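The points below are grouped by topic.

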Amino acid sequence: LGTLRGARGASQEQMSAQEVATAFIGHYYNLCDANVDGLAPLYQDGSLATVEGEQHQGPANIVAKLKSLGQVTHVQQSLDVQPSLSPSAISIFATGAITINGTQQYHFAQYFQLVATGPGAYYLQNDMLRICYPKDTQLTPDTSEIAGAFMNHYYTTYDTNPDGLAGLYLPNASLHFEGQQFDGPAAIVEKHKVVGQVTHQIQTLELQQQSIGGNAACIFVTGRLSIGGDNPLQFAQFFQLVGDANGDYALLNDMFRLIYA
């Protein structure tokens, strides 16, 4: 298991979620760049990683996929942290630049769910990575699936009636928008509205089921958006969708970042 014992001279109880995430993810990217095999202890047998749309389970399969990317160097540029569904878990959303085999540099966005197993000890239950290649393609979500149906409804509502988004968030939901935090449906909707008239185009959509603390789904979207008809910008957005006993779903976590070329 990954450990933060001794990190910054603090115990788990003394470290904030932001401090835990910063220390752990710094360790993760250091291993990614210098010793990919060293990532294996950060995952468990039930851990899931989706890399460029391909899902892998368990430490050996995840590490093998990451090694297949080649020699990489990460420069982390942003880190957003929110409480997850379980009190023992943290949702983390990172963006930055990645250089592959010393020549090709791209932007990346990555989501992690970090779960505590004891004082200062954590593992990665969920890991979702997208390298943000420039592209003009558009994805039509499969509305027969929960993720596709919900995201199609979400972005259609956002683009045509942003006030209608309020009903899609739980009362304790949080939004991180370009590093700013907004809590509760009213504040979240108000932030979305002040952005202006937005048109979204989904280009990739990934789903991972997660059962840490309840019935939930991790959804990771990348695409392009236009504000007020201006030239499109790339974006990445993570959602945690929580289901209830009636089969209804609402958003607990929402983390959004523009991906600047």
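A salt bridge is defined here as a side-chain nitrogen of Lys or Arg within 4 Å of a carboxyl oxygen of Asp or Glu. The model is predicted: local features need pLDDT of at least 70, side-chain atom pairs count only at pLDDT 80 or more, and totals for chains, interfaces and linings use all residues. Residues are numbered from 1 along each chain as its sequence is written, and side-chain values use heavy atoms, with hydrogens and water left out.

**Domains**
- The domain assignment, automatic or from a database, gives domain 1 (17-132) and domain 2 (145-259).
- The centres of the two domains, taken over C-alpha atoms, lie 21 Å apart.

**Interface**
- Contact (heavy atoms within 4.5 Å) joins 33 residues of domain 1 to 31 residues of domain 2.
- The count between domain 1 and domain 2 is two salt bridges.
- Strand 7 (121-132) supplies eight residues, the largest share of the side of domain 1 that touches domain 2; strands are DSSP runs (E, at least two residues), numbered from the N terminus.

**Cysteines**
- The structure holds zero disulfides, a disulfide being a pair of cysteine sulfur atoms within 2.5 Å.
- For cysteine 32, the nearest cysteine sulfur is that of cysteine 132, 16 Å away.

Definitions and conventions. Helices (H or I, at least four residues) and strands (E, at least two) are DSSP runs, numbered from the N terminus.
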